[in-house]
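This briefing sets out the main features of one protein model, grouped by topic. Please read it alongside the sequence and the coordinates.

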Amino acid sequence: MKPAFFVGAAAAATLAWVRRRHLEPPLLVGLAIIAIGSAVYGTGLIHPPDLEQLLEDLGERLGKWTYLVVGLLAFLETGAFVGLLAPGETAIMVGGLVAGQGRIDIVTLIAIVWTAAIAGDVTSFFIGRKLGRDFLVKHGPRVQITPARLEQVEGFFERHGGKAVLIGRFVGLVRAVAPFLAGSSGMSLKRFLPYDVIGAGIWAATFSILGYVFWQSFDQLVSAAKQGAFALGTTITVIVGVVVAYRWLKVEANRARLRAFVHEQERRPVVGPVVRLAVRAWHRVRGPVRFLWDRVTPGQLGLELTTLLAITVVGVFNLVGPLLTLGDDRALVAGDARSFEIAENLRRAWLDDAAMIVSDVGQLAVTGTLLVVVALVLLARRRVVDAVVLLSGMAATVLVVNVVKDAQERARPLGALVDTGDSFAYPSGHAAYGVAFVAIAVAVSRALPGVVSRAALVAVSVVLAAAVALSRVYLRAHYLSDVLGGVGTALACFGLCGMVGLVVAFVRQNGRTP
């Protein structure tokens, strides 16, 4: 028995019955088929073929042809709306699985999937541009897409189209139709393409690498990926719902209507007791709910403080966690050996050279100099708190890195491709100092005008910090656990200093308020 499918069947049947006078016959028939099919499948009497197992077996037999099959599926998902029927993540991870087995090259796979996904999105975009608006104006009323609603969609893509394209790449149903809607709503190609290239690249790399790394436990990986995609979709839905409700309740007239509605329900004989009980419960939890709301919304000591606290906790966990399992000088932590195996499979002469350059960027002399320059600029602009947070966070990071290194005395991995001197391995100084790029980007981004420019700057800094950290593993200068410990050290130090700075700024600001 599958209860979720019975719920879906009931929802489809209810929708068909309630809207029976307004929907076209084909839609009613489609809803009836969905309701019946969901109910039958929910009984467990029908067992469709395991698509994931079929794809896995197919990938193992295709060998080099996997490039073509996976690339074609990545194209068709949006180019022909195949994503409405089957999510593309599974096919991409199958390609990564085949690469993990050594049959194909992971870098080539990512490049092909990335290119194919962009091509599919652009194809769907131009289909929407060519067919979309006239098609929606002509046939939209049959599915309740009125001209007014179409104008709302066009306005949404005008204001938030880039973010919808970028985030929608990771939400199955949205990914299949977002390029078409972007084209039909009049979004320009020069605005659509940058977001699409970034989103498709992250998507292709993420799921290809997941299949590549976890190919020996592919079934668990697919299950986790599906749950993650569902969680992301649910989170986006909840956030949108909360934002819409908040904006609606900000209007006094709407709050008055809600109060009148509640009072009216309280007088009803059947639902009145339940409503009164709910009102009393709300008055009891209103204080804690208000406190929680203040902690997760911007302003005062809200979302910013909560975010910094979460960063600090994650950093402490990453720093302390490996210390609990490290034993002798070269004891391995989970992931250390596998990360070196992956590095050896990826090894190329040009990657060696690139990794050495990236690794040098993470030196204290580079990151420290840049941070001091930015801090001086911030001081000149009278952003004293931001400058002090950067300087104190960096000083704390350097101190903790060296203290833990001397206390742990973990030996370096054998066979390093760069000179590591006589310093100890845990935690990685390069990985820790690379996080300074993110701290600098956050401080600088506060002066930028738009949300997109801020997010882009921070995203670039995160990629750079991650590249510095991973280059140390690739060059066998550190174990993966060393890198995680270094990143955790910097997150904890910068996060803690950021919290102190935020509280100080808040107190100073309130002190000036009459």
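In this predicted model, the protein exposes about 28900 Å², and carbon and sulfur atoms supply 70% of that area. Of the 514 residues, 35% are buried. The secondary structure consists of 20 helices and 0 strands. Among contacts with a separation of 6 or more, 77% are between residues 24 or more positions apart.

**Nonpolar cores**

- The largest nonpolar core has 22 residues, and those with the most contacts inside it are Ile 92, Ile 104, Ile 106, Leu 109, Val 113 and Trp 203.
- Helices α4 (66–79), α5 (89–100), α6 (106–139) and α9 (189–213) each supply at least two residues of this core, with α6 giving the most, 7 residues.
- Beyond four places in sequence, Trp 203 touches Glu 77, Gly 88, Glu 89, Ile 92, Val 113, Ala 117, Arg 169, Phe 170 and Arg 175.
- A second, separate core has 17 residues, including Leu 378, Ala 387, Met 394 and Val 435.
- As a general background, nonpolar side chains in soluble globular proteins tend to be buried together.

**Surface patch and helix α17**

- A nonpolar patch on the surface is formed by Val 372, Leu 376, Leu 379, Val 384, Val 388 and Leu 391, which together have about 470 Å² of accessible area.
- Helices α16 (364–380) and α17 are the elements that give two or more residues to the patch.
- Leu 391 lies in helix α17 and has a relative accessible area of 36%, so this residue counts as partly exposed.
- Ala 396 also lies in helix α17, which spans residues 384–408.
- Ala 396 is partly exposed because its relative accessibility is 23%, above the 20% limit for buried residues.
- The C-alpha atoms of Ala 396 and Leu 496 are 9.8 Å apart, although 100 residues separate the two along the chain.

**Surroundings of Ser 481**

- Ser 481 is in helix α20 (residues 480–512) and is buried, at 3% relative accessible area.
- The side chains of Ser 481 and Arg 410 are joined by a polar contact of 2.8 Å.
- Leaving aside neighbours within four places in sequence, Ser 481 is in contact with Pro 322, Val 333, Asp 336, Arg 410 and Tyr 426.
- Two of these contacts, Asp 336 and Arg 410, form a salt bridge with each other, the closest N and O atoms being 3.2 Å apart.
- That pair links distant parts of the chain, 74 residues apart: Asp 336 is in helix α14 (residues 336–346), and Arg 410 is in the loop between α17 and α18 (429–445).
- Both Asp 336 and Arg 410 are buried.

**Other salt bridges**

- The whole structure has 9 salt bridges.
- In general, side chains of opposite charge can pair when their charged atoms come close.
- Arg 255 and Glu 252 meet in a salt bridge with an N to O distance of 2.4 Å.
- Because Arg 255 and Glu 252 are 3 residues apart in helix α11 (residues 252–266), about one helical turn separates them.
- Arg 255 is partly exposed, at 29% relative accessible area, and Glu 252 is also partly exposed, at 42%.
- The side chains of Arg 347 and Asp 352 form a salt bridge at 3.1 Å, N to O; Asp 352 is buried, with a relative accessible area of 15%.

**Backbone geometry**

- Most residues other than glycine have a negative phi, and most peptide bonds are trans.
- Tyr 426 and Pro 427 are joined by a cis peptide bond, with omega about -5 degrees.
- Pro 427 is in the loop between α17 and α18.
- Glu 409 is also in the loop between α17 and α18 and has a positive phi, near 55 degrees.
- Glu 409 is partly exposed, with a relative accessible area of 43%.
- Arg 382, in the loop between α16 and α17, has a positive phi of about 65 degrees although it is not a glycine.
- Arg 382 is exposed, with a relative accessible area of 76%.

Notes:
Residues numbered from 1 in each chain as written. Predicted model: local features only at pLDDT ≥ 70, side-chain atom pairs only at ≥ 80, totals over all residues. Heavy atoms only, no water. Helix = DSSP H or I, 4+ residues; strand = E, 2+ residues; numbered from the N terminus. Buried < 20%, exposed > 50% of the residue type's maximum accessible area, 1.4 Å probe, protein only. Contact = heavy atoms within 4.5 Å. Areas by Shrake-Rupley, 256 points an atom, 1.4 Å probe, with all protein chains shown as cover. Core = buried A, V, L, I, M, F, W, Y, C linked by side-chain atoms within 4.5 Å. Patch = residues over 30% accessible without salt bridge, like charges linked within 9 Å, V, L, I, M, F, W, Y side chains within 5 Å. Salt bridge = Lys/Arg side-chain N within 4 Å of Asp/Glu carboxyl O. Polar contact = N/O pair within 3.5 Å; in protein donor to acceptor, adjacent residues only side chain to side chain.
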